[in-house]
Amino acid sequence: MQAIPAIDILDGQCVRLTKGDYSNKKVYHEDPSAVALKWQSEGAALIHVVDLDGAREGRPVNTDAIAKILKTVSVPVEVGGGIRSFESAARLLDSGVRRVVLGTGAVAKPEMVRRLVDRFGPNRVVIGIDAKAGRVATAGWTAIQSTDAIELALAMKAMGITDVIYTDIDRDGTMSGPNLEFTRALARRSGLNVIASGGVASLSDLLAIKALEKDGVTGVIIGKALYEQAFSLNDAIEALA
């Protein structure tokens, strides 16, 4: 099971939000590429990058910062946020991004998902399922849809997707513990590889997620807990090994 450090970019800086609230942010570093290099040096096998400006505006915004990350590190990087068209996804994949994370774009344009899977393969496209009380949120988490998270997962599976990232919005950035019950349900009912995200606060939380490996949970994205130094990335990697 992978421990995946997160880098959220807003106004070109590395930040963390609480429950996706853009007005409730904390800046941790002015240079996201320096943070990426730190995570690489501590053993990251994959880095999760989110363009928060892009998620809100509906188009990639922090492209320069992402390009600098790609030049700085040698480990794979996945990118999400504002990828709403086949062309913007393809540009990122052609630029060296290992895989794109589609959220709003997947909900609005499921046919785009199939095109990307057909062109690049299922290992280059992952769906970000961000949910509040089981309902999918889009547009940088500013709009709650009627779509059920598990229904979306099954629809994306039909498009050829094999991997999803599930984020519980009410837990994200709160360090209040992950939503283990829904994470397990999503993995079991969809049959997809699920990466857990949101609420991790301790190594005990990671061990609880590790126990879901048999259900189909393959990794966990860790954000605020690393930035607040609740534990080190190396400790997280060892806990999940």
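**Exercise 1.** In this predicted model, how far apart along helix 2 are R56 and D53, in helical turns?

*Solution.* Helix 2 covers residues 52-57. R56 and D53 are three residues apart in helix 2, so about one helical turn separates them. Next, look at the side chains: R56 and D53 form a salt bridge, and their closest N and O atoms are 3.9 Å apart. The limit for a salt bridge is 4 Å. Finally, compare accessibility. R56 has a relative accessible area of 43% and is partly exposed, whereas D53, at 4%, is buried.

**Exercise 2.** Classify both partners of the salt bridge between E42 and K38 as buried, partly exposed or exposed.

*Solution.* The N to O distance in this salt bridge is 2.7 Å. Buried means under 20% relative accessible area and exposed means over 50%. E42 has 24%, so E42 is partly exposed. K38 has 40%, so K38 is partly exposed.

**Exercise 3.** Determine whether S190 is buried or exposed, and describe its surroundings.

*Solution.* First, locate the residue: S190 belongs to helix 8, residues 180-190. Its relative accessible area is 2%, so S190 is buried. A polar atom of the S190 side chain lies 2.6 Å from the backbone oxygen of L186. Leaving aside residues up to four places away in sequence, S190 touches A153, L154 and K157.

**Exercise 4.** Which residues of helix 4 are buried, and what covers them?

*Solution.* In helix 4, residues 86-95, the buried residues are F86, S88, A89, A90, L92 and L93. Their cover includes strand 5 (77-80), strand 6 (99-102) and helix 6 (110-120). Just after helix 4, G96 has a positive phi of about 120°.

Technical notes: Residues numbered from 1 in each chain as written. Predicted model: local features only at pLDDT ≥ 70, side-chain atom pairs only at ≥ 80, totals over all residues. Heavy atoms only, no water. Buried < 20%, exposed > 50% of the residue type's maximum accessible area, 1.4 Å probe, protein only. Helix = DSSP H or I, 4+ residues; strand = E, 2+ residues; numbered from the N terminus. Contact = heavy atoms within 4.5 Å. Polar contact = N/O pair within 3.5 Å; in protein donor to acceptor, adjacent residues only side chain to side chain.
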